Amino acid sequence: MKREDIVVGIIGLVMGRHHLESALKCGVNVAAICDIDEAQLKKIGDEFGVPEEKRFTDYHDLLNNPEINVVLLVVPDQLHLTMTEEFLAAGKHVLCEKPLALTREELKGIIRATDASDKKFMVGQICHFTPAFIKAKELLDSGAIGELYYVESEYAHDYHWIMHGWRRDPNRHGVVGGGCHAVDLLRWFAGDPEEVFAYGTHKLLPMADYNDATIAVLKFPNKVIGKVFVSTGCKRNYTMRTLLYGTKGTIICDNKSDTMELYTVEEDGITVKKEPEIIPIEINHHNTGGEFEVFAESLINDTPVEMDARQGAKTVAACLAIVESSMTGVPVKPDYEF
Ligand SMILES: NC(=O)c1ccc[n+]([C@@H]2O[C@H](COP(=O)([O-])OP(=O)(O)OC[C@H]3O[C@@H](n4cnc5c(N)ncnc54)[C@H](O)[C@@H]3O)[C@@H](O)[C@H]2O)c1
């Protein structure tokens with residue numbers, strides 16, 4: 001497929017607004033935008049000059065449009081399964097927002113649908129495209145901090161004003177909905193957690209029926225240990241502060257700063273250098289442009305996607321294990337069989 005042959009439809013236009021902007025910048029043809037909320041459809045359509053005939057309130061109009069070969073699903077998590085099934089069955093490639101889904105049954109359904117299809121499916125775990133995290137992964141893989149032994153990440157994001165509608169679904173626990181970013185990031189750095197243990201508390205979001213703060217400790221392969229903290233009611237700016245500790249150095253970074261720190265050791269291999277290297281970083285914590293470009297490349301070159309349905313499902317499985325542990329008070333081994 002050539003870039004000019006990619007014809008996109010975008011469904012859901014809140015976060016989807018950023019995807020629309022990215023698709024247009026990426027130089028592909030946007031044939032349709034869709035939102036059941038007419039006011040939102042008009043607002044985004046007008047903002048980006050999308051002609052009236054390309055605006056839809058019913059996603060079935062995109063499903064039945066043979067011109068569209070790629071859809072971006074930017075709708076509530078509860079709709080990811082049905083729409084993925086329908087669009088793959090209609091022969092469209094799919095880029096679906098995170099979290100892949102909210103329950104094991106839905107995860108299995110999406111994997112079944114992707115296995116049965118010859119179209120590409122990618123889940124948008126956006127931290128893989130965040131400049132600081134890309135750099136941290138490069139440094140880690142280059143051996144800059146030696147052998148990894150501890151990783152931690154936090155997802156601190158105040159949901160107070162968006163905590164309504166589908167986000168109040170008890171299945172949409174903060175660890176799954178937003179915390180999946182931190183869990184996915186640590187899976188990227190350290191592999192699939194083998195066991196987790198967690199505590200939770202509930203002091204900030206009275207409108208939610210589940211904990212709004214959770215801390216989990218995790219056991220990764222190769223004797224790496226880790227920690228994830230998720231707070232969806234926190235009174236601070238949004239951040240995903242992330243630390244990687246290795247036998248020869250340490251990386252300290254986040255998704256909102258224009259620098260990151262790299263500690264390394266002297267030639268003796270033991271003494272830590274007095275000052276860390278301060279590495280300048282572009283701030284781009286919702287890099288939908290980088291995400292779409294990588295997906296487009298996999299379509300153009302017919303190569304595997306960055307994160308397939310199984311990867312998305314493993315992240316959610318680890319999140320579900322954290323939620324379970326926080327409720328039962330016992331360690332849980334994530335179930336990665338789908
Ligand atoms: N990657 C990220 O960092 C990130 C950030 C925010 C949200 N998300 C994910 O993106 C998705 C959407 O989140 P959001 O914040 O935009 O939610 P939102 O509720 O603010 O907006 C969803 C939009 O989808 C529309 N919609 C709902 N059902 C629809 C349907 N059947 N057909 C067409 N449109 C429909 C709604 O009218 C609304 O405009 C979720 O999966 C969410 O988890 C990801």
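**Exercise 1. Find the strand order of the open six-strand sheet, then name its edge strands.**

Step 1. The order is 3-2-1-4-5-6, with parallel pairing. Strands are DSSP runs of E, at least two residues, and helices are runs of H or I, at least four residues, both numbered from the N terminus. Two strands pair if DSSP finds at least two bridges between them.

Step 2. Strand 3 (55-56) and strand 6 (121-124) each pair on one side only, which makes them the edges.

Step 3. Take one pair. Strand 1 (residues 7-11) and strand 4 (residues 70-73) are joined in parallel by four bridges. Here G9 faces V71 in strand 4.

This is a predicted model: local features need pLDDT of at least 70, side-chain atom pairs count only at pLDDT 80 or more, and totals for chains, interfaces and linings use all residues. Residues are numbered from 1 along each chain as its sequence is written.

**Exercise 2. State which residues are closest to the ligand and classify its shell.**

Step 1. The ligand is surrounded by 21 residues (C-beta atom, placed from the backbone, within 6 Å). G12, V14, M15, D37 and E97 are the closest.

Step 2. The shell holds twelve nonpolar, four polar and five charged residues. Nonpolar means Ala, Val, Leu, Ile, Met, Phe, Trp, Tyr, Cys and Pro; charged means Asp, Glu, Lys and Arg; the others, Gly among them, are polar.

**Exercise 3. Locate the two domains and describe the side of domain 1 that touches domain 2.**

Step 1. Domain 1 covers 3-126 + 287-307, and domain 2 covers 128-283 + 317-328. The bounds come from an automatic or database domain assignment.

Step 2. Their C-alpha centres lie 27 Å apart.

Step 3. 16 residues of domain 1 contact twelve of domain 2 (C-beta atoms, placed from the backbone, within 7 Å). Helix 9 (residues 288-301) gives the most to the domain 1 side, three residues. That side divides into six nonpolar, five polar and five charged residues.

How values were computed. Contact = placed C-beta atoms within 7 Å.
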